[in-house]
Amino acid sequence: MTRIDRRALLQFLAASPVLAGLLSLSRAPLAKASNATPTLRSAAEALDVFELRDFAQQVVPPAHWGYLQSGVDGDVTLRANEAAYSRYELRGRRFVDVSHVDLSTTVFGMRVASPIFCCPIGSLRAFNPDGEVAVAAAARTQNALQILSTQSSCSLEDVTAARRGPVWFQLYTTNRFDVTRKLLKRAEAAGCPVVAVTVDLPAGRNTETAARLRREDTRTCSACHVVDARGNPRLSLATEPMFQGIDTKGLALTSPSLTWDFIKRLKDATTLKVVIKGIEAREDAELAVEHGADGIIVSNHGGRALESGRATLESLPGVVQGAAGRIPVLVDGGVRRGTDVYKALALGASAVGIGRPYAWGLAAFGQSGVERVLKILNLEFRLAMVGCGARSIREISADSIIAKG
Ligand SMILES: Cc1cc2nc3c(=O)[nH]c(=O)nc-3n(C[C@H](O)[C@H](O)[C@H](O)COP(=O)(O)O)c2cc1C
């Protein structure tokens, strides 16, 4: 075929609706191919957190992958969390001297390299044998804040030793205050400055995607887990590190009967600062301040609690309004890029949490994978600051983002 023939053929095909259909079909796999990175040889090769996600998916068995990725019901809130960030644009500014850009910040007296922190995730040894200890080691080298879950699969003491410094302790209230008190005392003894009490899961949830992926797993859950009559793993607090030495008979992680006076009870029982994790409404932010909370994390548990359909980024401005500068407001959910971090700070957050992304890094490459995730997000965040002319966290303002019309 001559060059002219070929050009004529291409012109004909370009005008053809059949080819247009094929091209639109072919865009999806092409986009996926560029994300799927079976050939990553080290964490350092990952270009963004999605490459680590795709790599992790190949090495994590389906049931554990389902545990990590699941939202609730149809995962609508989970997707909303991520999508909300694309509804804001950054307003670049020019001719600002950005030769020195400082990402560091202070959260409750703790100086950290950047406002990006690692959210509490239970059972991290499901993704890497070193679990929360590997995350702590990464948090140490990157000087990042780590919040340790009540359901940590490593002991709090091993984690603080690996961090060589304090972590925050995330508290599930439990249904017995004598147990809550023991958990708080242990966190105090380990040097935690802050307890983040999670309040968005009062009475169960429907993690449908997790259940669906469990069907695909051919391994026998009972080899590692306590299982129910149908062979599905069930919660067994007795085997979890935070509950060693505690009588777990009749113990539940949360209680549906708690009301706001619980916060005062908590404050009276501990010397730790009390941050409430899982606030979404302006009124609840006001009530949190009234009841003596020291801080708030706007969170919907990564779309794993109420299937509200509402992104945490959408809830953030109302909560910031409710707190009215009296206590710091942090946020998590759906953060996948440094520009997301920038947008959350511009909307009034003091710090921004990541959950799944660091677990992807952990599953893919252990400590160095978590480090890579923090490095990638911090680099992207730095570039957002540079482009918007913000030289310090304090210089990030609401003026530098625009909500799409
Ligand atoms: C697998 C998994 C386990 C989690 N475990 C806990 C937990 O034990 N305690 C808690 O307060 N939040 C828990 N979360 C919620 C996270 O702390 C955080 O709010 C959420 O992951 C942030 O959203 P992202 O994953 O989209 O970044 C968990 C989240 C995931 C994905």
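## Polar contacts around Ser149

A polar contact is a pair of N or O atoms within 3.5 Å, and within protein one of the two must be able to donate a hydrogen and the other to accept it. In this predicted model, the side chains of Ser149 and Gln170 are joined by such a contact, at 3.4 Å. A polar atom of the Ser149 side chain also lies 2.7 Å from the backbone nitrogen of Gln151.

Ser149 is placed in the loop that runs between strand S5 and helix H7 (156–163). Its relative accessibility is 3%, and because buried means under 20% relative accessible area, Ser149 counts as buried.

## The ligand and its shell

The ligand has 23 residues around it, and those that come nearest are Pro120, Ser149, Thr198, Asp332 and Arg336. By residue class, the shell divides into eight nonpolar, ten polar and five charged residues.

Gln170, the partner of Ser149 in the side-chain contact described above, has an N or O atom in its side chain at 3.2 Å from a nitrogen atom of the ligand. An oxygen atom of the ligand lies 2.8 Å from a polar side-chain atom of Asp332, while for Gly334 a backbone N or O atom is found 2.9 Å from an oxygen atom of the ligand. On its own the ligand has 600 Å² of accessible area, of which the protein covers 98%. Two or more residues of the shell are given by each of helix H4 (62–69), strand S6 (168–172) and helix H14 (356–365).

## The parallel sheet

Eight strands form an open sheet with parallel pairing, in the order S4-S11-S10-S9-S8-S7-S6-S5. Strand S4 (116–118) and strand S5 (147–148) stand at the edges and have a single partner strand each, so that one side of each strand is left without a neighbour in the sheet.

Within this sheet, strand S10 (residues 329–332) and strand S11 (residues 352–354) run parallel and are joined by two bridges. Asp332, whose side chain has a polar atom 2.8 Å from a ligand oxygen, stands opposite Gly353 in S11.

## Domains

The domain assignment of the protein gives domain 1, covering residues 1–33, and domain 2, covering residues 62–403. Taken over C-alpha atoms, the centres of domain 1 and domain 2 are separated by 46 Å.

Technical notes:
Residues numbered from 1 in each chain as written. Predicted model: local features only at pLDDT ≥ 70, side-chain atom pairs only at ≥ 80, totals over all residues. Heavy atoms only, no water. Near = heavy atom within 4 Å. Areas by Shrake-Rupley, 256 points an atom, 1.4 Å probe, with all protein chains shown as cover. Helix = DSSP H or I, 4+ residues; strand = E, 2+ residues; numbered from the N terminus. Nonpolar A, V, L, I, M, F, W, Y, C, P; charged D, E, K, R; others polar. Domains from an automatic or database assignment. Pairing = 2+ DSSP bridges. Buried < 20%, exposed > 50% of the residue type's maximum accessible area, 1.4 Å probe, protein only.
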